[in-house]
Amino acid sequence: MDGAAGVSQCPIAPGTQFTYNVTIPADQSGTFWYHAHSGVSRGDGLYGGLVIHAPAAKSTVRGLMSRARGDAQKFNYEKELLLLIGDWYHRPAKDVLAWYKLPGNFANEPVPDSLLVNGVGHFECSMAVPARPVDCIETLANTSFLDLDPDTAYRIRVVNTGALAGFSLVFDKENIDLIQVDSIDVKRSQQEDINSAGILFPGQRMDFAIRTSSQQESPSSMMIKLDQGCFKYINPALTPDQTFRIHYRSASISSAVQITTPEVRNHINLDDVPSSPSILQDLPPKAQQTQVAYTKIQKMARNHNIPEGYFNQSTWKPQNDPPVPLIGLPRQRWDANQFAFSTGPEAAWVDLVVNNLDEGPHPFHLHGHHFYILAVHESSYGWGSYNPFTDPYPPGLEPDTDSDPEAAPPDPEDPSFQPYNFSRAALRDTVQIPSRGYAVLRFRADNPGVWLFHCHILWHLATGMAMLIDVMGDPAGRVAHDVAMLAAAGGGLCPV
Ligand SMILES: [Cu+2]
């Protein structure tokens, strides 16, 4: 029950209700979020946090509060805080999408007007551009967004709930100790004095510990820096770097004392953080299946230059002909917008090679599974594509013949040949694939169902940048599973 409209259920019609029945595996915990997966409702704020606490290690559990102690002991924190942070538009999401689809805007993604933290934000009313007036109320600025206890260790859970932009965080006085990304333990950094982390892209989560202090003469602050790498024009309404006061309860610092803009002391780049060594133990040296996909935003004359997201030859829309969720429909009856890779009846390890043919990056998310990121490559010229069926080495991972010209390069035909550095792999459920580059994602296809693999930029998903992974599983079990899912999803036809 992952809520993907047209795949595993019909959209929930206005005025009706739907109960999600989700079984959480015993070994799964961390920071997640729920959000609309129909149209662009997510961009209007239809989302929320979903925190799964690890069970306490011992059988002394008496209730929810003590359950949370499992991770608190492991990661050494006392309190926790959830921050849902994302970019924000001052127009309804359907209007923003309509603007993106105008051929005259040349597939430039709409640049947000502001950002929100847990549903609220600050906006200088005078910054509003005349074309998009804002119903704005000037209030006395109260920037104490984070109310923390002094001398306390916090676990800060951060979700990028935005539509387009990644962001990084910078703390003025506190140090960041990164513990999880996408709900998976990371290899802990030995470096001291890290106060900045990112870039967190839409759909991704990062959890870190900070320790607050009471010994301070000036107030602390946290800066959110929206990543401007994906902005193709200037929106004068937007303040991309915003600093929020951290208010320590019972601190003697007057609120009249101004906060300063934090400076980066040391930054932790999430793309360079492998998972913890114990998690990497499960990674097998080879996969049993390899699938290759190519993705791109296309502007074609035959579609009046309206941008469309493609995987191979297909642009995705929810199954519509007939309007039945895919889980209840034999594969032969899926419509032309459903491009899928299938795995076999037995659970198997699969390598999914995704080539991004665009000039811009995309944060891709897979439903139903985490994947090990074995390689991510960006090419500054040409196409950095990787076809494992024809290329002897993955681009960017060719053997270094310069260091020892006499040595024979490793033979890709050798069964023990291994192009990837497993000690640097990261188990995630969302991956940023850079421009003109590729990613190699290895996952165990053991969760039967039809799962979306899609760009988490809302405007790209809404124009079709998605495909399906059909994890077949045992045929008899699969039919029973799909029938049960379909019944729970409301049965047959989706109301139009
Ligand atoms: Cu995208």
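## A buried histidine

His-362 has a relative accessible area of 2%, and because buried means under 20%, this residue counts as buried. The model described here is a predicted one.

## The copper site

Which protein residues are donors of the copper ion? They are His-362, through its ND1 atom, Cys-455, through SG, and His-460, again through ND1. These donors lie 1.9 to 2.1 Å from the ion.

Along the sequence the donor residues follow the spacing H-x92-C-x4-H. His-362 belongs to strand 19 (residues 362-366) and His-460 to helix 5 (residues 458-462), so this pair ties together parts that are 98 residues apart in sequence. His-460 is also buried, with a relative accessibility of 2%.

## Helix 6

Helix 6 covers residues 475-488, which makes 14 residues. From its first C-alpha to its last it reaches 20 Å, close to the 20 Å expected at 1.5 Å a residue.

Which residues of helix 6 are buried? They are Arg-478, Asp-482, Met-485 and Leu-486. Around the axis they cover an arc of only 95°, so they sit on the same side of helix 6. The face turned away from this buried side carries Ala-476, Val-483 and Ala-487, which are exposed.

## What the helix packs against

How values were computed. Residues are numbered from 1 along each chain as its sequence is written. This is a predicted model: local features need pLDDT of at least 70, side-chain atom pairs count only at pLDDT 80 or more; totals for chains, interfaces and linings use all residues. Side-chain values use heavy atoms; hydrogens and water are left out. Donors are N, O and S atoms within 2.8 Å of the metal (3.2 Å for Na, K and Ca); water is not among the atoms, so sites may look incomplete. Helices (H or I, at least four residues) and strands (E, at least two) are DSSP runs, numbered from the N terminus. Buried means under 20% relative accessible area, exposed over 50%, partly exposed in between (1.4 Å probe, protein chains only). The expected span of a helix is 1.5 Å times one less than its number of residues. The arc is that of the directions from the helix axis to the C-beta atoms.
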